[in-house]
Amino acid sequence: MKRRTFLKLAGMGSLSFAAGCSDPQKSIYSLVEAPDDMVVGNATWYASTCRECPAGCGILAKNREGRVIKLEGNPLHPINIGTICMRGQAALQALYNPDRIRTPLLKQGGAWRPISFKAAQRLIMSKTGEAAQKGRNRVRMVTDTPGDSIYQLMNGALGRWNSGRAVVFEPFAYESLRKANEDVFSVDRLISYRMEDADVLVAFGADFLETWLSPVEYARKFKEMHAFRNGDKGVFMAVGPYMSLTGANADAWLPCRPGGETAIVLGLIGEALQNGRGTGVRDFVRDIIQRAAEPYSRARVMEVSGLSPSQYDSLKERLFSARRPLVLGTGTGDTGGNSFQTNMAVNLLNAVLDPKLAQFDFESRQRVEMASRRSEILALFAELTEGAADVLMIHNVDPVFQLPPGSGARAAMERDALFVVSFSNFMDDTSRLADLIFPTRMPLESWDEYEGKKGFVSMLQPAIGQLTDAPQIGDVLLNTAFTEDKPAGSYKSYLMARLIQAGLIQDERTWLEALRTGGVTSGSGDSATKWFIPYTVSDAFHSVADPVTQELVFIGMPSIRFFDGRGANRPWLVEIPDPITKVAWQTPLLVHPETVSAKGLEQGDVVKIQSKQGSIEAPVYESETVTPGVLAMSIGQGHGTYGRYAENQGINPVSLFPPDAEPRFGGPRFFIHPVSMHRTGHRTDLAHTDGSRIQHGRKIALSTSLENAQSGQRDPGGGLTMWDFPITLPLPEGYDRKRDFYPVIEYENYRWSMVVDLDRCIGCGACSAGCYAENNLGVVGEKQVLNGREMSWLRVERYHDPEQMEKITFLPMMCQHCDNAPCEAVCPVYAPHHSAEGLNNQIYNRCIGTRFCGQNCPYKVRRFNWFTWQWPKPMHLQLNPDVTVRSKGVMEKCSFCIQRIKAARNAAKNENRQIRDGEIVPACVQTCPTTALVFGNLMDPNSRVRRLVEDARAYQVMGYLNTKPAVIYLKKVVHEI
Amino acid sequence: MENMTPQTSPESWVAQNRGPILLTLLTVVLTVLFLYTFYVYPGSSMGPEQPIPFSHRLHAGHKAVQCLFCHPYVGESNNPGIPPVEKCLYCHNHIIAKHPWILKEHEYFNTETPTPWKKVWYLPEHVLFNHQRHIRKEIACQECHGKVEAQDRLKGERFKMGFCIECHRKKNANLDCWLACHS
């Protein structure tokens, strides 16, 4: 081809390309009938209940044009009062999950064949009918924690099938805590704690900020006692072999040997009794307690637990000087062999320190208390393996993944004679072994009721039309178990009838009112406690196991991101890094640096851990948050099959655990020893999002002692160095001719700003998840996180104290909306634009992708779109229509939720007034369980932010650069322990 | 030097340049034809053909139905909304009820099918236009949408930023990027 011909063709090609590039014509679809409560372009909110864990927080689902785009906490709900955690935010990604099963699947000859819902129901009818005729108990059902109405219906249906009650399986079922409550207070129950009233809180493993009982509720209550307020703050100390996120928020984490907690608590009891405490306890009971505590002298406690004397003394001193002490026991699983004894001893210690048990709420009980013990679950699967039933129904649980290998779940399911129906929306490890997968409606599409905590029956209503044709589980049961004498025509009418019968609602009007507000108050639970059954007390401590002194112990940690593993297919949860390790997508093995060097390992080395059960291979993460010899790993990832985001992603530590239940309390062990650890020779790059673990002496996440906070000591100002640069507000008053090159920026009426109280931040990452949901942030995947291309507009930074690496400070970092923004000055096309109200606007269509701004931003909050990120169908239905979806080649960053600012401005203009303080609530501020974030107008002298920036603790991250950030941080207040 | 150009008769010039002349004429004819079909041919100023030949001229012009009757959310939301199928039938159950196009409308209703209207008014996707604000400021629909009541099939427009800015400047309205339009 001649050069000339080539140019001609190339010219023609590009011309025709350009001509063909105009947008194709789009359609705009009309509704057939307009719903009464829908105004196109405005959101409709439906109150419902979060079912991502058994806590049962109240939620409000934001519906735009028929699809749910955001979940927020219901402010009227007594459990969570308006906030939710990151798992709650990600409930949408279960609903819109691209791997959701849409029609029933029947296994035939090893392959899945889609069948209709009607055919599937007929199949269930015939299978259960046959089984019912064969004899008693031939149909079994395993479910997650159900609401009372559906539970009764399940049992009614099983009764029709000539079978017993449904078995409630929760991998986190708190067996040891229940047993300890039964033995000490004679209530086999899970009670609530008035944590907010305590002045000294001690936890021996309870991870109440992550998974324990009701994490959002306890995060709020924790900060009610632990935030710096009126010149004081409570004390929280955590004891345990590893530091969970809860432990990271303690004033002191006291590392002990796995299983050494019991000795510490018994030692404390002994000393308390010696100090004359426990006078309110009956004499003969005190004698028994004293006898139990006798062997645990101070020296023995040190020897057994591995706690240092100074730590033990400070724990004792703080606890004994408390006016309203509260001691919490272990986390959900046993991490050292003594979880039951520890919980038992903790109950006794509470009684000795405060015989009135003022911080115990025996009436507000957690619904998860109805879960069967692990031993009962194992017995069920053992029976099934032996052929005790013909039909097994599994609802919303994944026992094959959640139980260790050898526990019988797999064996039972693989038995040919057992017809397994999995009411699951996903092809998880259990469904894969089922004979029939019957997808049912998800909680956000369903009518139901759930009482997560006694005292308030929370309603569920469909917040969206149906994405699939799947019926609700209640309707399936009504259609398959009952023929002529159905208790109700549909599950909804069954539900209403039951609520009327229970006196919770009276008629249609009160029903609607309950739906509108999110639920109705119900009677409290029985509070009958008989105090102390002495023989069990003396009995319990005969068998305190020696703490693990073996070289290596492997421990599984319940995860704030995945709970028991059900969250692993929600991309936000996988993409948002673990709060402690800051590793996303992968499951690293946490090993203490001493152990790492003793074994000649390095971070990133893939090691093989071998237990009696089997082996796993995982990359090493060096961390001071575990004691030497402890190998700790988060539970939740490593699914064999659970959709594209979970499959072969991470590792499942449960596969190493012993399959049997602990005989004393019938609960699972989340630890195993001995284990061996060997280097495999491979290395893995860890997909971590932090640049460094420490601050390198920079002014980033600051803390101050309680004494300094009380005296209101301010940082020195008046200089130009890092430590004496004055706080410079992003207002005209912050202009200084000597320092500033650019002219003063004047504001009229508004200058938006945020205050972040580091003393309240627990590092949970709910803000980050809220931001992903609100602002259409792309999920980039493991490979791109490794390339440093994650898109989070708001990240929670985690900094260790280089002097004491186990001390951690969390810092939410988002665009600082500087008044003197380094990004604005370097853009060749003025894409970052300083708004009239101080916001740093990123104009997407102006951006040409030089990335100069990201380079010049000292806070590293700007994110570049290296690709056009994908939302696999139907995930795109979740996108917020008020926020532009950015495409490849464009820079983006936090906008302070400009769409919410605009909405508030619009409302204010309609009413011809100024925007009120607190009217604008960005997504991160809205969801923060501990109200660490406050947003408002700095120009208003009475706004909350304006008053908070006057706080002596206020500072600006790297303020000495004279960027004049509009995000003002308040220093964390630490007890010197 | 003398003029060396050979003298040629006009006939021979035409004969010699037959090809280029034909080509020029052809171009002229094609251009005229193109301009005629694009600008003069009946219907060329109309918008795309819609699934149901709804006439804005008839409804908004001749019958003087208020814009807000069919686009009711314009005063309370960013989006004006397009009428649901049932709304058309409020009237058309009585007016020309047996007309074939109305029967098609019934079919949409009976089969619960949303009507796939062709979109004609385009804004870039990174722009969030607030109808409510403009209606509250008593900006007439026609100021942006033109004489809708005079057109059968709306042609619509792809709005450009200059169009917005010009008016915002004139009316002293918000010119801030994010606070005004982008987000």
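Because the model is predicted, local features need pLDDT of at least 70 and side-chain atom pairs count only at pLDDT 80 or more, while totals for chains, interfaces and linings use all residues. Residues are numbered from 1 along each chain as its sequence is written, and chains are lettered from A and ligands numbered from 1 in the order in which they are written.

Start with chain A as a whole. Its domain assignment gives domain 1 (105-168 + 372-451 + 456-521), domain 2 (175-366), domain 3 (550-683) and domain 4 (703-974). Such bounds come from an automatic or database domain assignment. Between the centres of domain 1 and domain 4 of chain A lie 46 Å, taken over C-alpha atoms.

Now look at helix packing. Helices (H or I, at least four residues) and strands (E, at least two) are DSSP runs, numbered from the N terminus. Axes are lines fitted to C-alpha atoms, for helices over the stretch in contact, and angles run from 0 to 180 degrees between N-to-C directions.

Take helix H17 (residues 473-481) of chain A. Helix H5 (residues 148-160) of chain A packs on H17(A) at an angle of about 20°, with the axes 10 Å apart. That makes H5(A) and H17(A) roughly parallel. Angles under 35 degrees count as roughly parallel, over 145 as roughly antiparallel, 65 to 115 as roughly perpendicular and the rest as oblique. The two helices, H5(A) and H17(A), cross in a left-handed way. A crossing is left-handed if the near helix is turned anticlockwise from the far one by less than a right angle, and right-handed if clockwise. From H5(A), A:Ile150, A:Leu153, A:Met154, A:Ala157 and A:Arg160 meet A:Ile473, A:Gly474, A:Leu477 and A:Ala481 of H17(A). Contact here means that the C-beta atoms of two residues, placed from the backbone, lie within 7 Å. By class, this contact of H5(A) with H17(A) holds seven nonpolar residues, one polar and one charged. Ala, Val, Leu, Ile, Met, Phe, Trp, Tyr, Cys and Pro count as nonpolar, Asp, Glu, Lys and Arg as charged, and the others, Gly among them, as polar.

H17(A) also packs with helix H4 (residues 117-134) of chain A. Here the angle is about 55° and the axes are 9 Å apart. H4(A) and H17(A) are therefore oblique to each other. Their crossing is right-handed. On the H4(A) side are A:Gln121, A:Ile124, A:Met125 and A:Thr128; on the H17(A) side are A:Val476, A:Asn479 and A:Thr480. This contact has three nonpolar, four polar and no charged residues.

A further pair is helix H9 (residues 261-274) and helix H11 (residues 298-305) of chain A. Their angle is about 165°, with axes 8 Å apart. That makes H9(A) roughly antiparallel to H11(A). The crossing of H9(A) and H11(A) is left-handed. A:Ala263, A:Ile264 and A:Gly267 of H9(A) meet A:Arg298, A:Arg300, A:Val301, A:Val304 and A:Ser305 of H11(A). The classes in this contact are four nonpolar, two polar and two charged.

Next, a sheet. Four strands of chain A form an open sheet in the order E12-E11-E10-E13, with parallel pairing. Strands E12 (252-255) and E13 (325-328) are its edges, and each pairs on one side only. Two strands pair if DSSP finds at least two bridges between them. Strand E11 (residues 235-240) pairs with E12(A) over four bridges. In that pairing, A:Ala238 has A:Trp253 as its bridge partner.

Turn to the two chains together. 35 residues of chain B are in contact with 33 residues of chain A. On the chain B side, the elements that each supply at least two residues include helix H6 (100-110) and strand E1 (116-118). That side divides into 16 nonpolar, 10 polar and nine charged residues. Strands also link the chains: strand E1 (residues 27-29) of chain A runs antiparallel to E1(B), joined by three bridges. There A:Ile28 stands opposite B:Trp117.

Finally, check the backbone. A cis peptide bond, with omega about 0°, joins A:His673 and A:Pro674. A:Pro674 sits in the loop between strand E26 (671-672) and strand E27 (676-683) of chain A. The bond from A:Lys873 to A:Pro874 is cis, with omega near 0°. A:Phe896 is not a glycine, yet has a positive phi of about 60°.
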